[in-house]
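User: I want a close look at one part of this model. Please keep it brisk and spell out any cut-offs.

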Amino acid sequence: MVYKFHDDEHGEVLAESRRGDLEPYLGLHYPATDIPQASRFLFRQNRVRMIADCHAAAVRVIQDPAMPQPLCLVGSTLRSPHGCHAQYMANMGSIASLVMAVIISSGGEDEHNMTRGVIPSAMKLWGLVVCHHTSPRCIPFPLRYACEFLMQAFGLQLNMELQLAHQLSEKHILRTQTLLCDMLLRDSPTGIVTQSPSIMDLVKCDGAALFYHGKYYPLGVTPTEAQIKDIIEWLTVCHGDSTGLSTDSLADAGYPGATALGDAVCGMAVAYITPSDYLFWFRSHTAKEIKWGGAKHHPEDKDDGQRMHPRSSFKAFLEVVKSRSLPWENAEMDAIHSLQLILRDSFRDAGEGTSNSKAIVNGQVQLGELELRGIDELSSVAREMVRLIETATVPIFAVDTYGCINGWNAKVAELTGLTVEEAMGKSLVKDLIFKESEEIVEKLLSQALKGEEGTNVEIKLKTFGSEQSKGPIFVIVNACSSRDYTKSIVGVCFVGQDITGQKVVMDKFVNIQGDYKAIVHNPNPLIPPIFASDENICCSEWNTAMEKLTGWSRGEVVGKLLVGEVFGNCCRLKGPDALTKFMIVLHNAIGGQDSEKSPFSFFDKNGKYVQALLTANTRSKMDGETIGAFCFLQIASPELQQAFEIQRQQEKKCYARMKELAYICQEIKNPLSGIRFTNSLLEMTDLKDDQRQFLETSAACEKQMSKIVKDASLQSIEDGSLVLEKGEFSLGNVMNAVVSQVMILLRERDLQLIRDIPDEIKEASAYGDQYRIQQVLSDFLLSMVRFAPTENGWVEIQVRPNVKQNSDGTETMLFLFSPLRRAILLFLRGRRRE
């Protein structure tokens, strides 16, 4: 449902889409207390709020006592709903909800700022788009993010529609005010109620009246003269210290005679012109039916910010509004106030004359009186014009038919540093403007003196005195022909606008823009592919490198949506996930969060697959306002891409070999398990000493092989390290295992093995990794056997001990292991001697 907040903060369901079995809410109104002010504030901060299950048990957040402030969960999706809201949802049959805020620019101060060229900053919560579900449902983040973007676009469009309606209303009011002012200059004040257009055309009403000099001039549906005098008396007593009054119910405003007026006059707006002169607008009764969703609404019900109680009833309650008119809008009251000020000045000028210079329509006046009236009017208009020109906030100056200054207001004197006395009589073309503007001004003067008025002409004025150091003044002027009472042209009046500041900024901007285009659109291969987005995700930039990369020209993509049109239709992406990731990166950049080197791939115009790294940065104005995002693509050179391709192929082959190795290792483990099991069975039988020695040698070889298989795992190879499993072992068992591994090769090559190992070494115990030592010694011994001469050949093993005393009381025994004439030194930590 689409939920709108009214001016009195109560809500109304404007639109809905629902299943046929659900209760409709369309057209229902809800009290302001249903959505407290605290919740409305949170919606302005976090514009999408999801409740996956209102019945879900809340989980307590345990906070570190060292934290200086309580943890704030305002922006958290996991924040549990308030108990009141959960009960509220349960009462209306909803389990899950997704609420999206509709934010627009606020009125008032922002509208005033916009008239001064300042960008509005305050935002207003216009309403909500609420999605309800009758079972638990969780909306994934990409979809919630897309919903937030949709609400931003909807808010922009809604804001434009509201501003357009406001502008049309203001335009109509301004046109009516202009016509009414024209009547005041040509006729008596009563013309605004006796002629067309009248004051009834200024605002929407059923009747209007003017009470002027004790006489009553009604128009449309109005009270009687006696009733209007009674209303004036009531206003004088109860509202005498104000400048006017507006109400949609005279009864609620406290007027005692409201009952006698009936439904014909319910609402009234009054403007005080003088203490005895008044303007009235009246509105009749507007009967309307309001359906409230739940208990009866009271206009004075407000959210107290402390207590919140869920309503249990959602049945529609019908309230018929009577004895009340349509409320007076702010724009209408502004129009009434403006007319009030104009009438005050007009009445004051009339009061300063010796007699009433304006006759009532259809009155008979003498020719002399008409002439005096014309002179008075001309004098009044002249005085008003002089006052307006002198106090204007824009530069205004005038010249005679010879081009000499005869008018110079305070603003142009301030800008140029030339006082009114100094400017009078100077030639505009020869004395006050720069040479480059002479031709333009001479042509403008010539045309204006012929009655052809010019608009939006830029001229360059000289500066004098203290302002001379600041340089020239640039002014955009409109040239108007000045005429006397015979309609003859007697000079030219220039109304201008100072654009010096904008001119300087624009010149800098043009220079910067030229540099920007020269850099961004340079075909040099050092310039990366660049594209840009405005605040509405539309493409605003597409440089030469981007054209070359994608095959799409700048004119084909600028102005289109980057998400969906440019990247989606023009440059296809791989599936919706890639489009969602791109949209998130782009929205983060527009929101002020830059992203570095995100993987980004697409198909160009010819169907070629392009892989790149995307960097997105925020685009902002000098005042910090975000206006879009800049995106850079990092593409590898053809040589680097070829190197990457070769590297990928090699990695693919290595991976295949590693898989083969892993398969072989797994297949070896199976028979090893069988050998280990067989050895365990043999250990449980009665064996002789030499048989038990053979079994221990077999077990040592089996464990050595298991360790080798374990070392061949992918994880060990990727780590590039081996783990030593240290323990105490018999050196004799190690020698037996080493010798057993070369015996078959010795027999094949018909070699003899001579072992020169003292008994004390065979019985010695050592500390270390037994199976690593076995692996090293057996590999070394096998190498000796492979390369030993076969004719009368032999291999001799000699082991000699050498004891070394350590500082910690232990002893290190140095064994010299000598197969043939080569030697390996083994350092083994021995036992501490008793």
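In the open sheet that includes β20 and β21, what is the order of the strands, and is the pairing parallel or antiparallel?

Analyst: This is a predicted model, so local features need pLDDT of at least 70 and side-chain atom pairs count only at pLDDT 80 or more, while totals for chains, interfaces and linings use all residues. Residues are numbered from 1 along each chain as its sequence is written, and side-chain values use heavy atoms, with hydrogens and water left out.

The order is β20-β19-β23-β22-β21, five strands in an open sheet with antiparallel pairing. Strands here are DSSP runs of E, at least two residues, and helices are runs of H or I, at least four, both numbered from the N terminus. Two strands pair if DSSP finds at least two bridges between them. The edges are β20 (539-542) and β21 (595-603), each pairing on one side only. Neighbouring strands of this sheet are turned by 25 degrees against each other on average, direction ignored.

β21 pairs with β22 (residues 609-620) over seven bridges, in the antiparallel sense. F603 has Y609 in β22 as its bridge partner.

A further open sheet gives some context. Its five strands follow the order β15-β14-β18-β17-β16, again with antiparallel pairing. Here β15 (405-408) and β16 (454-461) are the edge strands. The twist averages 30 degrees from one strand to the next. Inside this sheet, β14 (residues 396-400) and β18 (residues 489-498) run antiparallel and are joined by five bridges. V399 is bridged to V492 in β18.

Finally, a helix pair. α22 (residues 731-740) packs against α25 (residues 770-787) at about 40 degrees, with axes 9 Å apart. That makes α22 oblique to α25. Oblique covers what is left once angles under 35 degrees (roughly parallel), over 145 (roughly antiparallel) and 65 to 115 (roughly perpendicular) are set aside. Axes are lines fitted to C-alpha atoms, for helices over the stretch in contact, and angles run from 0 to 180 degrees between N-to-C directions.

From α22, V734, M735, A737 and V738 meet Q770, I773, Q774, L777, S778 and L781 of α25. Contact means heavy atoms within 4.5 Å. The contact residues divide into seven nonpolar, three polar and no charged. Eight of the ten residues of α22 are buried, that is, under 20% relative accessible area with a 1.4 Å probe, protein chains only. Among them are V734, M735, A737 and V738.

Methods: Nonpolar A, V, L, I, M, F, W, Y, C, P; charged D, E, K, R; others polar. Buried < 20%, exposed > 50% of the residue type's maximum accessible area, 1.4 Å probe, protein only.
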